[in-house]
Amino acid sequence: MSSEQQPHVPGSSLASAPPSKEEPNAAAPVRRDRRASDRTLPASLLTPPVPPPPPHLDDYRSIVGQSQIDTLRFLARELKGKAIKMVNSTAVGGGVAEMLNRMVPLLSEMEVPTHWDVITGGNDFFEVTKAFHNALHGSAYELTRSAEDIFLMYNEQNRHRMRFEEEMVVIHDPQPLPLIRSRQDARGHWVWRCHIDLSNPDARVWAFLKPFIEQYDAAIFSAQSFARQLAAPQYLFYPCIDPLSEKNKELSEEQIQKVCEEFGIDRSRPIVTQVSRFDRLKDPVGVVHAYKLARKYVDCQLVLAGGGATDDPEGAAVLQDVKEAAGDDPDIIILNLPPWCAFEINALQRASTVIVQKSLKEGFGLTVTEALWKGKPTIASAVGGIPNQIIHNLTGVLVHSVEGCAFQIRYLLTHPELARTIGINGREQAKENFLITANVKRWLLLFRILDQAKARRRTA
Amino acid sequence: MSASPKPPPRNPNKPFYFNTSEHLLRIGRQKACTLDELVRGVETCPDDAIFQHTFRTLQEHHFIKQGFSNDFASWTLSALNEPMLAEQLASVDVREFTAIEGLRRRMVEMIGDFLHGNPKSASRSGSEPFYFSASELVVLPTNFSAGTLRGFLDGINQVSVHSIHHHFIEARLRLRRMSNDFSTWLEEEAGLKEVGEAIERIDIYTNTLEGVRLQIARIISEAIN
C-alpha cells in the first residue's frame, strides 16, 4: 500500500495535507487527493494536561437548572453532618475513580461529609481480583483455595487498617466485598455498588462472593439485566458523566475546528464517528464495514478514535485489523490517542454528524451517554446496558448487525430533521438520567430511604 | 345587550406550596419474557411497580412528545412486536385513574382480551425480558409558595418539571379524585372553577411536560390579565 493511500493514524501515518474544501454531496462519494505522510501526534498531546479543580454544585446550575440544584440541597439538608465512606480499589484510572473524583467533593460541599478510601494489595491480590472480574463477566475460571486465601488475606489487612464510623459505607465492586466483616452493629448502612454485569457469572466465584453480598443492606446495579436475586433490595443507578469535564464541557466552534484540522478531518462533509478502545468487543472492523456499505449511497468520512493500541498487544492487533479493513480509503481516519486526550475526543464527538457505538458486548456505554449529551444522533448496538440508554427511534437508534448499522447511517445522514429530533431527545435523556447531578441525587435519595427503613424497623 | 365585564379574580384564601417528588428505582424480583408472564406480573406486582411503569416512566421521559406512553406498551412493541396491543396499552391515560388498582385492572383486561383473540401470542418470547421495577418516592419542598395568583403563575414558570408532574399528574393518587393540585387550589381558594377545568383538560400525551407547563401558565395568565 502506498503512503498516499493509507488511512490516517497519528503516531504511525497521518495525513498532513490540509483538508479539501469540497461541498458535501449526499448522492455520490467524493474522493480527495490527500497525500499521507508519517506524522506523530501534535506536541500538545504528548503529555497529560494538568487537571482543573473539581467544579462546585452551583457550576451545574446553568446546565440542570436552579430547581434541580435546590432539590439536591433540600435532599442533603436532612442528612447534614451524616457521613459517607466510599471504598474502591484504585485512586486513578477507570470509570469508578473518575466518578468518585467528582462525586465526593459535591456531596461534601452539601455538608454530607464524604470520605474516599482505596484498598491496597500486592500484585497477587490484583491478579486474583482481575480473574474474579472476568469470571463474574462469564469467563471460565478455576477458582482455587489459594486465590480465595489471597483475596481474604488482603481484605483482612485493609479491614484492620481502615475505620468504618460513617453512617453509610459504600463498597464499590467485588475487590473490597469482605470489608463487610467490619460491620459490628447496625450503626451504618452498608451498600454494595456493583459496576459490572452479573447476569452470567462463573458459578463458583459467585458462590464464593455471594455470602458477603448477602450481608449488605442494599445493592446497586447499572442495569436491571445486570442484577441477581438477592435478599437485600437492589437499586438502579446509571453510570454518569460530568458535563463540566474536559470530555463533555461545551466547546467553541474554533476549538472544534482546530482539533479537526489537526487530524485532517473535513468538516464540510458528513462525519460518522466511533469513539472506543481498539478492542474486538467494540467491533471497530464492523464499523468500517458498515461505513463502506453506507458509502455506496451517501458521502461521509469515518473517524475511529480511541486508545489501547500502544500498551496492549491485543489492542495493537485490533488496530492492525482495522487498518487492513480500511484499506486505501482516505476518508477513514483512525486515531490512536493517549488516554489524556479527553478534550480532543470531546471536539471529535461535537464535530460528528452521527455517532456510532457498534459494540458486540457492552456494560453501560459511557461513550453512548457522551454522544447523547452532545445532542448527536446516535446509532448503537442493542447489547448490555445500551437499551437502557437509548429508546429506539426516539432518543437514538438501536441496531443488531453491520447491515442495520449501515442502513441507519444512510437514513440519518439523509434525514437531517429526524436526526436533529433524535439528537435533541437524546440530550434530554442524558440530562434527565445520566449526568453526575442525577447520581448525586440518587445517593442522597438512597441514604434517606435507608434511614427511613431503619427508623421503621426500630419502631416496629 | 353587551356582556358584563368579567369580575376580577379574588385573592386566594390559602397559599399554594409547591412541592416536588423524587424517585429511586428499585429493581424488582419479577421479570417477563412472554405476554403470559407479563400479565401474571402485572396482576401480582406491588402497587409501586405499576406506578413506576406508568406514572413515573412518563415523568422520566417527559421530553418526548410522541411515541412514548408507558413501559408495558413500549416493551410490547419493541420486544414482542405486537403493535395492536402496544397501541391499546399506550392509549391508557394515567389521569383516568385515582388509584393504582384501577390502572392495574385496565392493563390486565387489555392484555387478557388481546390474548383471548390471539392465543398463539401468549407464549412467544420477546427479544429481551421485561424487568419489573418499582419506585421509591421522596416528597420534598421547593423554594416556591404563592399567596397570590401572580405568585402562583411565577411558581408555575419556575419550578422543575418534576414539581409539575407531582402536582398535575401524580396528585390524583393523593387526592383520590379526578383533578389535580393546581385546579383544586384555583377552584377552592381563588374561585376560578373554569380555569381549573381548562387546566385539567390539557393533554399530557401530546405534550412534553415543558409544553404542559406553558399551557398551564397561558391559561392562568389569560385569567388574571
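These are some friendly notes on the structure above, point by point.

1. **Before you start.** This is a predicted model, in which local features need pLDDT of at least 70, side-chain atom pairs count only at pLDDT 80 or more, and totals for chains, interfaces and linings use all residues. Residues are numbered from 1 along each chain as its sequence is written, chains are lettered from A and ligands numbered from 1 in the order in which they are written, and side-chain values use heavy atoms, with hydrogens and water left out.

2. **Chain B as a whole.** Chain B has 11 helices and 2 strands. Helices (H or I, at least four residues) and strands (E, at least two) are DSSP runs, numbered from the N terminus. Along the sequence, the pattern of chain B reads β-α-α-α-α-α-β-α-α-α-α-α-α. The C-alpha trace of chain B spans about 65 × 45 × 25 Å along its principal axes. Of the 225 residues in chain B, 56% count as buried; here buried means under 20% relative accessible area, exposed over 50%, and partly exposed in between (1.4 Å probe, protein chains only).

3. **A helix to look at.** How far apart are the end C-alpha atoms of helix 2 of chain B? They are 18 Å apart, which agrees with the 20 Å that its 14 residues (47–60) should span at 1.5 Å a residue. The expected span is 1.5 Å times one less than the number of residues. Helix 2 of chain B also bends by about 35° at H53(B), where the bend is the angle between axes fitted to the seven residues ending there and the seven starting there. This helix is mostly covered, with 12 of its 14 residues buried; among them are I50(B), F51(B), H53(B) and R56(B).

4. **Salt bridges in chain B.** Over all chains, the structure holds 44 salt bridges. The term stands for a side-chain nitrogen of Lys or Arg within 4 Å of a carboxyl oxygen of Asp or Glu. One pair is R26(B) with E136(B), whose closest N and O atoms are 2.7 Å apart. This pair links distant parts of the chain, 110 residues apart: R26(B) is in strand 1 (residues 16–32) of chain B and E136(B) in strand 2 (residues 130–146) of chain B. E136(B) is buried, at a relative accessible area of 16%. Another pair is E82(B) with R124(B), where the closest N and O atoms are 2.7 Å apart. E82(B) lies in the loop between helix 3 (71–78) and helix 4 (83–90) of chain B and R124(B) in the loop between helix 5 (100–117) and strand 2 of chain B, so this pair ties together parts that are 42 residues apart in sequence.

5. **Salt bridges in chain A.** K282(A) and E362(A) meet through their side chains in a salt bridge of 3.0 Å, N to O. The two residues are 80 residues apart, with K282(A) in the loop between strand 9 (271–275) and helix 8 (284–294) of chain A and E362(A) in the loop between strand 12 (354–357) and helix 11 (366–373) of chain A. K282(A) is buried at 11% relative accessible area, and E362(A) is buried at 12%.

6. Follow the order 4(A)-3(A)-5(A)-6(A)-7(A)-8(A)-1(B)-2(B) to trace an open sheet of 8 strands with mixed pairing. Its edge strands, each pairing on one side only, are strand 4 (114–118) of chain A and strand 2 of chain B. Two strands pair if DSSP finds at least two bridges between them. Within chain A, strand 6 (residues 189–193) and strand 7 (residues 218–221) run parallel and are joined by 3 bridges; R193(A) has I220(A) in strand 7 of chain A as its bridge partner.

7. **Strand 12 of chain A.** V354(A) and V356(A) point one way from this strand, I355(A) and Q357(A) point the other way, and all are buried. In general, side chains alternate between the two faces of the sheet in a regular strand. Strand 12 of chain A pairs in the parallel sense with strand 9 of chain A over 2 bridges, and 3 bridges join strand 12 of chain A to strand 13 (residues 378–381) of chain A, also parallel. I355(A) is the bridge partner of T273(A) and of T378(A).
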